[in-house]
Amino acid sequence: MTRLDSWDVGPAPPTLADGVMARVERLERQRRARRALAAFAVAALASAATVVAAVTHGRGAPGGDVVATERMEIEIAPGVLAVMERAAHLVWRGREVSQDRGEVSYRVRAGAALELVTPTGQVRGGASTSRVLVEPASTYVLVRDGEVSVIGGAGRVALGAGRYARVSAASLTVDHDDVDGSVGRALGVAPRLVPSRAPVVEPAPPSVASARIAPPPHRAARAPAASSPAPVTPPSPTRRAPIVPPCFCSPMQAVCDCGGG
Amino acid sequence: MPALAVAHPLPLTADAPASAERALLEACRRGGPGEFRRLVERYEGLVWGFLARMVRDRALAEDLSQETFLRAYRALGAFDPSRGAKLSTWLLTIARNVALDAARRGAAPTTELDDTAVDAATPESIRAARELGEAIARAAASLSPAHREVLVLAEVQGLSMDEIAVVVAAPSNTVKQRLSRARERMRALLAEWEADR
């Protein structure tokens, strides 16, 4: 009887497995090289896109959209540094910055400018340091250094160092009108511990009342709520707030000596 | 007239438990090249045995075996044992495709398999066995590739008709026909060889 198992080809060569593994290693090296090349190509494309965007817009930083998961610093434009607190949301493109929630401090170097839009107003400034807190119905602004303009539906005001304001859909409350201290508390500032030279509130320019930052109707209706201080009625362009003597305060004192006030 | 029979198929592999195959496959997918060596060592006999009988050239068979495992390594993620496919059947399918590609490229065998060479210095029984093996190899080599592959898969590797149908990508009836003709041809050739001795 002829048996087919006589058709012997012997065992597999002892070098077979080593040969396979050598080829597998070669394949893996090629794969790694291809992956590195692909990563390099993606990075190069991203860099090219950044350059193209910068050139196209001519504004330095191309833009971004960030929700801070922790305190973080971002240079959102050349000379404009944003220090975002947790949960703050910023969207920027060139110099145009939009903050729709949370707290962000802006440091603007000399020669640079900030053009910030919030749901209820705008904040503009050159060389300055300011803190902006955005809540659903209000934007709070505290200027630490330099000068910043706060613009809302009810008017506009230039704030110097140490001044603060709240802008909502229908009102613009500056520090000297913060009679119940609610604005100062929101910003963590003692209401009376501010320079008392009153900033001038002027009517808002027509462009500010544009659709971009116009408040929705329900917000406007809710704005004069009992818990809020009386909204500032925009004074006429010629009207100025009264000048009061400066306060002299000490952290150890319960009250400030505000001259005749 | 000699009858064709197989004492047993090549050891292991073809009958490895599905769970063991699956575990090895998973280890290869997770562990990378290091684990893949285990798979190679486990199935190299199966793949080598098939390819060596198909091409009858040791160097070429080794090269094609390596190519088979390399293709398997590349396609590890695509093999799905949950569909009932066996790892051994899958590897033999790849090996067959590798052999067909080699044939298309014109990679013809250049040397005879050493193991089937007749050594006059060996004892008579061993010499006779080697002569028989060489006769079978020559007879199988004269078959068409389609007949030779089903013969090897059925008679040497011990695959079922359904498994062979998967490997050669042909209906079971076609496989049965090819196997029947391959056996007839082998019987005739080996009968001639015995008559000439």
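Biologist: Which residues in α6(B) meet α7(B)?
Modeller: On the α6(B) side they are B:Glu149, B:Val150, B:Leu153 and B:Ala154, and they meet B:Ile164, B:Val167 and B:Val168 of α7(B). Being in contact means that the C-beta atoms, placed from the backbone, lie within 7 Å. Helices here are DSSP runs of H or I with at least four residues, strands are E runs of at least two, and both are numbered from the N terminus.

Biologist: Is this an experimental or a predicted model?
Modeller: It's a predicted model, where local features need pLDDT of at least 70, side-chain atom pairs count only at pLDDT 80 or more, and totals for chains, interfaces and linings use all residues. Residues are numbered from 1 along each chain as its sequence is written, while chains are lettered from A and ligands numbered from 1 in the order in which they are written.

Biologist: Back to that helix pair. At what angle do the axes of α6(B) and α7(B) cross?
Modeller: Roughly 140 degrees, and the axes come within 10 Å. Axes are lines fitted to C-alpha atoms, for helices over the stretch in contact, with angles from 0 to 180 degrees between N-to-C directions.

Biologist: What do you call α6(B) and α7(B), then?
Modeller: Oblique to each other. Under 35 degrees is roughly parallel, over 145 roughly antiparallel, 65 to 115 roughly perpendicular, and the rest oblique.

Biologist: New topic: how many residues are in the largest nonpolar core?
Modeller: It has 60 residues, and B:Leu51 and B:Ile164 are among those with the most contacts inside it. Such a core is a set of buried Ala, Val, Leu, Ile, Met, Phe, Trp, Tyr and Cys residues joined through C-beta atoms within 7 Å. Buried means 20 or more other C-beta atoms within 10 Å of a residue's own, exposed means 12 or fewer, and partly exposed is in between, with C-beta atoms placed from the backbone.

Biologist: Which helix gives the most to this core?
Modeller: α2(B), with 12 residues.

Biologist: And why does this core lie between domain 1 and domain 2 of chain B?
Modeller: Because domain 1 (12-111) and domain 2 (116-197) both give residues to it. Those bounds come from an automatic or database domain assignment.

Biologist: Where is A:Ala87 found?
Modeller: In the loop between β4 (80-84) and β5 (89-93) of chain A. A:Ala87 is exposed, with 12 other C-beta atoms within 10 Å.

Note on methods
Contact = placed C-beta atoms within 7 Å.
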